[in-house]
Amino acid sequence: MSETTQAQPRLLNRELSWLAFNCRVLQEAQNPEVPLLERIKFLAIFSSNLDEYFKVRVATLRRLVKLKKKTRAKLGEDPVAQLQDLLREVGRQQEAFGETFRNDILPALKAQHIHLVSERDLTAEQRAWVQAYFREQVQDLLSPIILDDNLHHLFLRDQSVYLTFLLTQPENRKKQDEERVVVMELPTKRHGSRFVELPAQGEDKYVMFLDDVIRCCAQELFPKYQKVQVHAIKLSRDAELDIQEEVSGNMLAKIKSSLQKRETGYPARLLYDPAMPQEVLRAVMQKTGIGKDELVEGSRYHNFRDFFGFPDFGLAQLQYEPMPALPHPTLPRTGKMLPAIAERDHLLHLPYQSFDYVTRLINEAGQDPQVSSISITLYRVAGKSEVAKALLKAAKNGKQVTVVVELKARFDEESNMFWAEKLQKAGANVIYGIPDLKVHSKLLLITRSEDNQNRLYAYLSTGNFNEKTSEVYADHGLFTSNPDITREVVEVFRYFHDRQDKTGLFQHLLVAPFELREKLNALIDHEIELARQGQDAYIILKLNALQDERMILKLYEASQAGVRVELLIRGISCLIPELPGQSENIRQRGMVDRFLEHARVYVFGNGGEEKVYVASSDWMARNLDRRVEVAFPILQPDLRAEVRHLLDLQRHDNVKARDFHNHFIGPDGDDTEAARIRSQFDTYAYLKSLCKPGKKRK
């Protein structure tokens, strides 16, 4: 690699880059053009993202802070300074979150005759209704814990909201009635919702937090005290699995053990209501062992992710218009799929088109007498997985079913384990990952006997075999029987069995950990050489994350050589674009909209004969070096043009795209409807048009 102009190229801190992404999510909640109930969901997404961030990234930094200074010095960046910087930014974002909720969302709800009321807002009639509801539906779900000398340790469940009660002014001055602190878990799951709908009054609709229902009736819970003060706390625990990434011994047992530890992991953050009396906070800290470093000032309410379940009151106009999954223009809507895949390649675009094509294919293969084997990689499995059920049926039908299950897919381990055990009992060959690697590729391979020889069919995807996420994650999947691709998919699955180095065996697929990094470097080098020869050279990358320092340096080198680089990055990006002498030929944008952009696409100009790859891999060190990842070329010309068309819609999005600084990129010239490009909606319209008779594909 040639020298860059600066001795130390500037990189953006990963943690601050992630927070910038979550800021884009918050922007959607702040955007009055987004339907009101959808804005509330974006608040829930923001909150859920931040919870995971504290459980993983902040918890990791806190572990690093506890290292000795000499050891910390070897890390490159000071974790103490990083932690301080990100906590400041988190505080700023949480303040903006609160202002958005109080000053934007609540007034907007009120304008629609939806009133989120607290115990202080109730009329006498409503209070009587709430008290009756409390006695009938809530009181028996509560389990109070008294923080006194008899309690040696208070255990708080991860991500659960707890209410604290400070009981003062006892009616009797007996010892058993002296002032005390009580804690109880908010029974959201057992109640079935965080919200309680009150009887409507004309067109006005009323809803309460379950917390406030309990606050309203707190005096009933503790009748011997004249004053009861109620506040909320929530604990987030360290979610990193401290396990050796090896399969020696019983990996399943190790994962189960680690999940149990997660429930009791080190505290990463204790959110508390700033109005909480200090004596209550001190009592909680003493009984839990939580220190000042883990305290984060919150608000009256915690777990805003529960707003995913906020009542919609049947108001369709306050939600996105339905986008029912479209039929595929070249795959059969009913009947067999294998003959159609034998004839040509097909590209599936989720969630615009139905994931049902994937489950149909597996079910068809499981029942086809000429199919001998089915192999699949499972990274995140839905709780009620139709894919897993289809594989179970195939195994019971005598097919040789091989399932590579990733047990270290964070936050999905339990579902993965459940289905792995069921499949194993049904006779499937279950492989629990690879030593030191995560299996992140999304592959399906079917072997079928045709004309006295085996024919291979494959499905390669950027998204998981997960029906639930397929409804909200934007992904691409390729159905193919092209032997150039399927033979190499066989080699990937062979690696799961023999664990032998496969370097040199892939001519079309780019596979980590073997040659993905090296081949990406070669593709970039080719563009650099074209630029130096005075030819048009460009790279377009759509990624969830760009963090790997070596790949960023390579892109800087390409920029300095005159290669045009366009980046569409949804989440983390440590590259800083448009820096003089370093990245002036690099442009970057990110997009947050109705669906979660999850597909990865790599485009290289290649002297006018574009190479287009669709991939499971981001450009992070873990993806390129410590995971099994697959990038696959789109070889069929019409499908390659289709991917480019959809990518171009995103490149020119001027409604939901933001620049590197999170500023919205508006239309050029006059702001007319004709000039507005909202890529997700335009993608749906384009794919819908392909279903019309006589419509030609791009």
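**Cavities, a pocket and helix contacts in a predicted model**

The largest cavity is lined by Lys542, Leu543, Leu568, Ile569, Arg570, Arg589, Gly590, Met591, Glu597, Gln650, Asp653 and Ala657, where a cavity is a set of points on a 1 Å grid over the protein atoms alone at which a 1.4 Å probe fits but cannot get out, and lining residues have an atom within 4 Å of a point. The structure is a predicted model, in which local features need pLDDT of at least 70 and side-chain atom pairs count only at pLDDT 80 or more, whereas totals for chains, interfaces and linings use all residues. Residues are numbered from 1 along each chain as its sequence is written, and side-chain values use heavy atoms, with hydrogens and water left out.

The volume of the largest cavity is about 100 Å³, a volume being the space filled by probe spheres set on the grid points, which are joined across faces, edges and corners. Two or more residues of its lining come from each of β19 (538-543), β20 (564-569) and β21 (586-591); here strands (E, at least two residues) and helices (H or I, at least four) are DSSP runs, numbered from the N terminus. The largest share of this lining, three residues, is that of β21. By class, the lining of the largest cavity comprises five nonpolar, two polar and five charged residues, with Ala, Val, Leu, Ile, Met, Phe, Trp, Tyr, Cys and Pro counted as nonpolar, Asp, Glu, Lys and Arg as charged, and the others, Gly among them, as polar.

In total, three cavities of 30 Å³ or more are counted by this rule. The second largest cavity holds about 80 Å³ of space, and its lining consists of His349, Leu350, Tyr352, Ala474, Asp475, His476, Lys542, Glu597, Ala599, Leu646, Gln650 and Thr683. Five nonpolar, four polar and three charged residues make up the lining of the second largest cavity.

Leu350, from the lining of the second largest cavity, is joined to Pro351 by a cis peptide bond with omega near 0°, and Pro351 is placed in the loop between β10 and α12 (356-367). A cis peptide bond also joins Ala512 and Pro513, with omega about 10°; Pro513 lies in the loop between β18 (510-512) and α16. Gln169, which is not a glycine, has a positive phi of about 55° and is placed in strand β3 (residues 161-170). Most residues other than glycine have a negative phi, and most peptide bonds are trans.

Helix α19 (residues 637-651) and helix α20 (residues 679-690) have axes that come within 8 Å and cross at roughly 150°, the axes being lines fitted to C-alpha atoms over the stretch in contact and the angles running from 0 to 180 degrees between N-to-C directions. The crossing angle therefore makes α19 roughly antiparallel to α20, since angles over 145 degrees count as roughly antiparallel, those under 35 as roughly parallel, 65 to 115 as roughly perpendicular and the rest as oblique. Contact, meaning heavy atoms within 4.5 Å, is made by Glu642, His645, Leu646, Leu649 and Gln650 of α19 and by Ser679, Asp682, Thr683, Tyr686 and Leu690 of α20. The residues of this contact divide into four nonpolar, four polar and two charged.

For helix α16 (residues 516-532) and helix α17 (residues 549-561), the axes come within 9 Å and cross at roughly 10°, and the two helices are therefore roughly parallel to each other. Residues Arg517, Leu520, Asn521, Ile524, Asp525, Ile528, Ala531 and Arg532 of α16 meet Arg550, Met551, Lys554, Leu555, Glu557, Ala558 and Ala561 of α17, a contact with eight nonpolar, one polar and six charged residues.

Helix α1 (residues 14-30) packs with α4 at an angle of about 0°, the axes being 11 Å apart, and α1 is therefore roughly parallel to α4. Helix α4 (79-111) is also one of the elements that each supply at least two residues to the lining of the second largest pocket, along with α2 (36-65), β8 (267-272) and β9 (295-297); a pocket is an open set of points with protein on both sides within 12 Å along at least five of seven lines. The largest share of the lining of this pocket, 10 residues, comes from α4. The second largest pocket has a volume of about 850 Å³ and is lined by 36 residues, of which Gln94, Gly98, Gly298, Ser299 and Tyr301 lie nearest its centre.
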